[in-house]
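Work through the exercises below with the sequence and the structure open. Each task is followed by a solution in steps.

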Amino acid sequence: MTAQPNVFTMDATQIDIVPIEGELNVGPQHPGSGHLRIYVKLNGDIIEKAELDVGYVHRSVEKLAEVRNYMHLIPLVERPAILDSIHMNLGYILALEKIMGVDVPDRAQYLRSLAAEINRIASHLYGTGILAVFLGHSTGFMWGFGDREVWVEVLQALTGARVTNSYIIPGGVRRDLTPTIKEMIEKAIRYQRKRIPEWKRIFLNNPNIRARLENVGVMSKEQAIAWGAVGPNLRGSGVYYDVRKFEPYAAYDRLDFEIPVYKEGDAYARVHVRFNEIEESMKIIEQIIKEIPQGNILSDRFFKQIPPTRLKKHYETHGKIVFPGYYASFRPPKGEAISRVEAARGELVYYLNSDGSPKPYRLRMVTPSYRTIYVFEQLAKGARYADLVAIYGSLDYFPPEADR
Amino acid sequence: MMDILQDIKYVIFYPSFFVMIIFPGLIAGGLFVLFAIWFERKIAARVQMRVGPYYVSRFGGIAQLLADAIRVALQEIIIPAGVNPTLYVIAPIFPLLFAFLPLAFLPIGVIPEQGSVFSAYYHSFFDPGVNMGVIAALPTEYSLIAVLAVEAAYPIFIILQAWATNNRFALVGAVREAYLSVAYDVLILMSVIATAVEYHTLDVAKVVQSGIPGIVANPLAAFVFFVGLIMATSRFPFEIVEAESELVTGPATEYSGLLFLLAMGGSYFGTYVYALYFAAVFLGGWYPLSGFPGAVILFLKAAVIVLFSVFLRSVYGRYRIDQALRNSWRLLLPVALASIVLGIVGGWLWIR
Amino acid sequence: MSAQPEAKPPQVPQQQAQQAQQKQESSLSRKLNEMKTRLNVPVNVKVESERRATIEVDKSNLLAVAMALRSIGFDHVKTVTAIDYPETETFEVLYHVSSYTDFELAKTIVTLRTKVSYKDPTLPSLHPVWESAWTGERETYEMFGIRFEGHPDLRRLFLDEDFEGVYPMRKSYKVKTEGLFVDRPA
């Protein structure tokens with residue numbers, strides 16, 4: 001006869017669970033699903049299997065890329081993740097620039113980093129907000145979206161659009177940084193610095209939120225590597241990997257910043273990684289504002305090629321880059337390129353194959369959320385049903401980004 | 001002429017009618033619930049750097065909830081295929097009813113022999129325990145237990161409602177309610193037993209008339225009861241049954257229109273009635289006033305409790321069901337036991 | 001046409017390029033060549049730069065090469081990409097692999113390329129080697145109709161039910177454009 005388990009010391013998972021099986025269709029019309037259907041197979045309160053039925057917001061970016069010119073693709077590739085459009089845009093442009101062999105002036109490189117970091121903060125705040133509302137914490141939701149608004153406003157001042165910025169173009173960026181925007185950014189940083197302790201008080205250190213996130217959706221380092229996790233999820237599991245460090249693009253090789261890594265691998269660690277990244281991003285932005293070199297924001301090559309009336313004069317009077325219409329059908333040389341950037345949710349990979357025509361022969365876009373699909377399915381196994389949303393939110397899985 | 005007016009006055013102020021229908025029952029309660037929801041939205045907006053209801057009416061959009069209620073009530077009622085229509089329609093009425101019915105046993109004030117509008121009913125609503133009349137729909141000496149006995153039926157009808165809608169999310173919600181109800185009922189009952197032992201009575205009026213608020217006499221019981229109240233009425237952080245991001249709206253998932261209003265109204269009414277009970281037993285109730293002013297005092301105390309419990313939404317998320325159960329059995333049950341011990345000691349040494 | 005900017009190779013200073021060359025010799029290329037000699041199967045290793053390399057391999061040796069790559073530290077697949085070449089009636093399948101654990105290899109992306117014909121569009125799945133190929137192989141299956149044998153869950157992923165039997169990423173599937181804007185003829 002086995003000894004009776006001590007009710008007061010045993011964990012909830014040790015209790016015998018009477019098998020009551022059933023399926024739940026979480027989504028696509030469900031407040032906690034977003035644009036996907038999660039087919040959940042339950043045994044009691046424990047998820048035996050969660051299957052992600054993705055594709056409800058599939059835009060077929062890759063197929064459309066075959067019939068769009070390179071320039072026309074810029075707005076298209078950033079649609080899948082409008083919260084993170086700078087990164088989507090940047091990765092594509094990096095691949096394109098590799099094929100074209102364009103060199104980008106320093107100032108434009110810094111501006112790319114600046115826009116990317118602002119976008120990263122905005123995206124992390126959005127992700128935290130979504131996680132909060134999944135846990136029923138409406139204040140975190142509203143604060144996340146409210147604070148994000150500050151950064152979106154900055155982005156709007158810089159790029160001219162709130163979300164689908166199309167800011168980065170081959171050879172540089174579209175608009176320059178002005179003193180007014182600098183002031184705005186400094187103000188935004190001051191505001192966000194003031195807000196982070198408040199965030200910690202109501203959200204991160206809230207006993208209720210800690211109970212929901214700690215030891216939930218634990219992903220070990222080995223699992224994270226095997227499943228190909230990316231971004232904050234990977235770093236929350238103790239893997240030191242950030243494209244900004246390993247393959248610096250834009251101005252990241254000249255900037256001083258750290259990569260937060262947590263060993264725990266649970267949902268709480270992932271949230272912490274995001275919050276630390278917000279702080280690091282603000283450091284980066286401060287450095288950029290201080291150190292940004294003077295100069296053009298577009299490659300000299302384009303200035304030489306395009307008649308001054310069309311580009312140079314417009315740039316000098318308005319401070320904006322406007323390409324002439326015939327640029328829409330330029331032809332890069334034959335070749336292929338792989339680019340990767342560290343988007344807010346993780347590593348974003350573009351593979352671009354050009355056959356010399358104005359349209360790409362093949363564009364492959366692998367977004368961080370796409371790579372999170374498998375991680376999500378694996379993590380949900382064995383979790384409690386209520387943890388499904390906690391895992392979902394902590395992975396910062398964004399369906400349109402995964403579907404592309 | 002005066003006779004007719006006298007008769008009308010007699011009928012209106014007849015406690016059984018007055019308590020259930022006018023104050024603090026249906027009419028006052030309904031308006032207060034709307035106010036509480038408005039307050040919930042407004043205070044959450046304040047915490048969350050928003051404005052909240054704004055446009056309807058001049059004063060902070062206070063009529064917004066009335067407008068919302070009318071709109072929802074006039075929406076089309078959709079009866080899903082594959083349910084028993086009769087059961088489906090009547091099911092949401094029961095939880096509301098059983099959230100509301102316990103009010104019948106709850107005294108909301110005492111009647112002095114003279115000088116109050118209720119003095120005419122002094123003899124018919126006489127309570128020998130306090131040697132005064134009590135304003136209650138059904139005066140009984142066992143009101144402390146009677147209220148809980150009726151309230152305990154509430155979760156059964158939530159389960160019935162979920163069963164009648166034939167929806168899986170509703171069923172999961174119902175199972176959660178079943179688990180949770182065992183936990184919170186035990187807590188509430190134990191804290192009430194502690195109080196009963198301490199005051200040597202099962203009569204709410206006698207507890208109040210003793211002049212010592214329960215929260216002073218037995219703070220542990222008051223705490224345990226308050227947590228139980230929040231759990232029982234699905235307020236944050238124990239809003240587990242209706243958990244929106246997990247279960248859509250739990251047992252009310254399939255309902256629309258007026259039926260949805262009824263299905264969701266139950267928990268707010270439940271909060272209100274529990275709060276009245278809590279105010280009477282633990283916060284000193286109407287003491288030292290009597291008659292109608294006493295009832296207003298009781299109402300205001302209950303209002304504070306309700307408003308506080310809805311305010312918790314802007315502070316907390318929701319616990320998982322297993323965490324809520326573990327907390328209530330592992331942490332709060334010992335406290336409840338301690339409160340009984342404290343009740344015995346207090347009843348033996350202090351309150352006679 | 002004058003509108004097309006001509007492409008120049010990236011202007012890297014001579015010195016820098018040499019350094020890159022040396023470094024390349026020291027890490028990525030050395031490792032890949034070692035692997036090649038150990039493997040004993042015909043593979044075509046091409047190191048393009050310090051950070052990029054391509055390995056072309058016949059599909060019969062794909063699994064062996066993948067195993068070898070994993071054993072030298074490439075621990076995850078970044079993308080699984082297929083490209084359709086209707087002229088030769090072949091698909092090219094690309095696995096972009098890299099490493100999280102090895103900091104030197106993490107700087108690189110190695111492309112593992114193989115070809116399959118229209119007639120027999122099957123490949124051994126690399127899921128047993130790299131679990132992270134799961135999503136990519138599923139998507140490639142549904143978009144191109146390339147079967148990955150040994151994949152545990154080879155079903156369609158993104159598309160609707162009515163896409164059964166049609167492989168939209170093949171070049172034979174034409175996108176109907178609505179002609180909202182007119183491109184100038186190139």
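The exercises concern a predicted model and go from confidence to chain contacts and then to helix packing.

**Exercise 1. Confidence**

Task: State which scores the predictor gives the complex, and find where in chain B confidence is lowest and where it is highest.

Solution. 
- Step 1. For the complex, the predictor reports an ipTM of 0.85 and a pTM of 0.87.
- Step 2. Chain B has a mean pLDDT of 86, and 100% of its residues score at least 70.
- Step 3. Within chain B, the lowest confidence is in strand β2 (residues 126-127) of chain B, with a mean of 80. The highest is in helix α12 (residues 219-232) of chain B, at 90.
- Step 4. For chain C the mean pLDDT is 78, and 82% of the residues reach 70 or more. In residues 1-15 of chain C the pLDDT is below 50. Beyond near neighbours in sequence, that stretch still has 19 contacts in the model.
- Step 5. Where pLDDT is low, predicted coordinates should not be read in detail.

**Exercise 2. Which chains touch**

Task: Decide which of the 2 pairs of chains in contact shares the most contacts, and describe the side of chain A that touches chain C.

Solution. 
- Step 1. Chains A and C share the most contacts of the 2 pairs of chains in contact.
- Step 2. Chain B and chain C are joined by no contact; their closest C-alpha atoms are 24 Å apart.
- Step 3. To the contact of chains A and C, chain A brings 42 residues and chain C brings 37 residues.
- Step 4. On the side of chain A that touches chain C, the elements giving two or more residues are α1 (61-64), α8 (221-227), α12 (300-305), β7 (346-354), β8 (362-366) and α14 (368-380) of chain A. Of these, α14(A) gives the most, with 4 residues.
- Step 5. Sorted by class, this side of chain A holds 23 nonpolar, 8 polar and 11 charged residues.

**Exercise 3. Chain B and its side towards chain A**

Solution. 
- Step 1. Chain B has 16 helices and 3 strands.
- Step 2. Along the principal axes, the C-alpha atoms of chain B fill a box of roughly 60 × 55 × 45 Å.
- Step 3. The contact of chain B with chain A takes 26 residues from chain B and 29 residues from chain A. The largest share, 5 residues, is that of α16(B).
- Step 4. By class, the side of chain B that touches chain A has 10 nonpolar, 5 polar and 11 charged residues.

**Exercise 4. A helix pair in chain A**

Task: Work out how helix α2 (residues 70-78) of chain A and helix α3 (residues 85-100) of chain A pack.

Solution. 
- Step 1. The axes of α2(A) and α3(A) are 8 Å apart, at an angle of about 150 degrees.
- Step 2. Angles over 145 degrees count as roughly antiparallel, so α2(A) is roughly antiparallel to α3(A).
- Step 3. The two helices α2(A) and α3(A) cross with right-handed sense.
- Step 4. From α2(A), the contact is made by A:Tyr70, A:Leu73, A:Ile74, A:Val77 and A:Glu78. From α3(A), A:Ser85, A:Met88, A:Asn89, A:Tyr92 and A:Leu96 take part.
- Step 5. The contact of α2(A) with α3(A) has 7 nonpolar, 2 polar and 1 charged residues.

**Exercise 5. Two helix pairs in chain B**

Task: Classify the packing of α3(B) with helix α4 (residues 64-73) of chain B, and of helix α6 (residues 93-100) with helix α8 (residues 154-165) of chain B.

Solution. 
- Step 1. α3(B) and α4(B) pack at about 115 degrees, with axes 9 Å apart. That angle makes α3(B) roughly perpendicular to α4(B), and their crossing is right-handed.
- Step 2. B:Leu34, B:Ile37 and B:Trp38 of α3(B) meet B:Gln64, B:Leu65, B:Leu66 and B:Ala69 of α4(B). These divide into 6 nonpolar, 1 polar and no charged residues.
- Step 3. The axes of α6(B) and α8(B) come within 8 Å and cross at roughly 170 degrees. The pair α6(B) and α8(B) is therefore roughly antiparallel.
- Step 4. In α6(B), B:Phe94, B:Pro95, B:Phe98 and B:Ala99 meet B:Tyr154, B:Phe157, B:Ile158, B:Leu160 and B:Gln161 in α8(B). By class, the contact of α6(B) with α8(B) has 8 nonpolar, 1 polar and no charged residues.

Key: Residues numbered from 1 in each chain as written. Chains lettered and ligands numbered in written order. Predicted model: local features only at pLDDT ≥ 70, side-chain atom pairs only at ≥ 80, totals over all residues. Contact = placed C-beta atoms within 7 Å. pLDDT = per-residue confidence, 0-100. Nonpolar A, V, L, I, M, F, W, Y, C, P; charged D, E, K, R; others polar. Axes fitted to C-alpha atoms, helices over the stretch in contact; angles between N-to-C directions. Parallel < 35°, antiparallel > 145°, perpendicular 65-115°, else oblique. Left-handed = near helix turned anticlockwise from the far one by under 90°.
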